[in-house]
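This briefing covers helix packing, the ligand shell, the domains and some backbone details. Please look at the sequence and the model before reading on.

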Amino acid sequence: MELRSDKIKEKLVQEIQEKIENGTYNGKKRLCVFRFGKDSGAASYEKGLLKTGKNLGIDVRTYYYEEMTPKIFADFKAENESDEVGGILLLEPIFKEVEEDLKDAMDPKKDLDGVTLYNRGALYSGKNPYHIPATPRAALTLCKSYVKDLTGKDVVIINRTTVVGKPLIHLLLKENATVTVCHSKTKDLKAQLKRADIIFTAMGRAHSICSEDVKEDALVIDIGLDMKDGKLVGDVDYKSFKPSQVVTPVPGGGGALTNTLLLESCLK
Ligand SMILES: NC(=O)c1ccc[n+]([C@@H]2O[C@H](COP(=O)([O-])OP(=O)(O)OC[C@H]3O[C@@H](n4cnc5c(N)ncnc54)[C@H](OP(=O)(O)O)[C@@H]3O)[C@@H](O)[C@H]2O)c1
């Protein structure tokens, strides 16, 4: 069975619009997106944010740099200090020369993707960060739309990066799940997949997980993105899945929710 995000996204958009109208959210706050160098993934993420922002009537301002320039710091400083800005997003990949300095300088309250040490530290120590990374948050939202209570569930994450795996570990521990983290050096990934109740995969390896790899009643949340035969696909060959196995499609899964959750964080 396919677990799509369309309905959840529609409901969220409606809730955000209502909250802007009744003044709970400040719809005048601006989102600033910084993009560095040619990267099709970053360009498409930016495009999605502009589109979702337009639908919600939120001002999304974009900055693009083809190469390193002192202008990056000047633009960033102005937006970071502006009261009109609700949030800042640094799209990966970020120029290595500026990555740490930008993250160190960012106001944690504007750090929509939870990349500052303050927000990471708060999340990793079980406290309340201002913002949680949007991709794992979207994946968990989708997971909980199907399994409300994760207590005691055997959950396998395939990814150990700060973008996906590390925040997910802490979000899932907070839900009382039993969490196993796998990566490229894991000895027997297939054995881990076969015993998991729920799998979050973010390898970026097209169609590398199929129906036979997981339990008969497994829930699989596919965060991975890759290209196959000129099309955007996930880690999971979801069309091979049985009706008893639940899987998020790519496109149409967590990725579609990420933009909306991020824009909501900007208004909060
Ligand atoms: N849907 C969305 O909104 C969204 C947003 C952001 C990213 N993504 C996608 O999510 C994926 C992960 O992003 P990322 O930045 O974390 O990517 P990344 O830096 O490439 O990390 C990939 C992770 O998968 C592990 N891995 C790779 N091949 C493996 C294998 N054969 N067996 C087991 N583990 C394997 C890697 O292990 P090692 O640590 O050992 O290398 C690493 O932890 C990408 O496909 C990206 O495009 C999606």
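Helix H1 (residues 6-21) packs against H9 at an angle of about 15°, and their axes are 10 Å apart. H1 is therefore roughly parallel to H9. The model is predicted: local features need pLDDT of at least 70, side-chain atom pairs count only at pLDDT 80 or more, and totals for chains, interfaces and linings use all residues. Residues are numbered from 1 along each chain as its sequence is written.

**Terms for helices**
- Helices (H or I, at least four residues) and strands (E, at least two) are DSSP runs, numbered from the N terminus.
- Axes are lines fitted to C-alpha atoms, for helices over the stretch in contact, and angles run from 0 to 180 degrees between N-to-C directions.
- Angles under 35 degrees count as roughly parallel, over 145 as roughly antiparallel, 65 to 115 as roughly perpendicular, and the rest as oblique.
- A crossing is left-handed if the near helix is turned anticlockwise from the far one by less than a right angle, and right-handed if clockwise.

**H1 and H9**
- The crossing of H1 and H9 is left-handed.
- H1 contributes Ile8, Lys9, Leu12, Val13, Ile16 and Ile20 to the contact, while H9 contributes Ala256, Leu257, Thr260, Glu264 and Leu267; residues are in contact if their C-beta atoms, placed from the backbone, lie within 7 Å.
- The residues of this contact of H1 with H9 are 8 nonpolar, 1 polar and 2 charged.
- Ala, Val, Leu, Ile, Met, Phe, Trp, Tyr, Cys and Pro count as nonpolar, Asp, Glu, Lys and Arg as charged, and the others, Gly among them, as polar.

**H2 and H9**
- Helix H2 (residues 40-56) and helix H9 (residues 254-267) have axes that come within 9 Å and cross at roughly 60°.
- H2 and H9 are therefore oblique to each other.
- Their contact involves Gly48, Leu49, Thr52, Gly53 and Leu56 of H2, with Asn259, Thr260 and Leu263 of H9.
- The residues of the contact of H2 with H9 are 3 nonpolar, 5 polar and no charged.

**Ligand shell**
- The ligand is surrounded by 25 residues, the closest being Thr161, His183, Ser184, Gly204 and Gly255; a residue is near a molecule or strand if its C-beta atom, placed from the backbone, lies within 6 Å of it.
- H9 supplies the largest share of this shell, 3 residues.

**Domains**
- The protein chain is divided into domain 1 (24-119) and domain 2 (134-254), with bounds from an automatic or database domain assignment.

**Backbone details**
- The peptide bond joining valine 250 and proline 251 is cis, with omega about -5°.
- Proline 251 lies in the loop between strand S10 (246-247) and H9.

Key:
Two residues are in contact if their C-beta atoms, placed from the backbone, lie within 7 Å.
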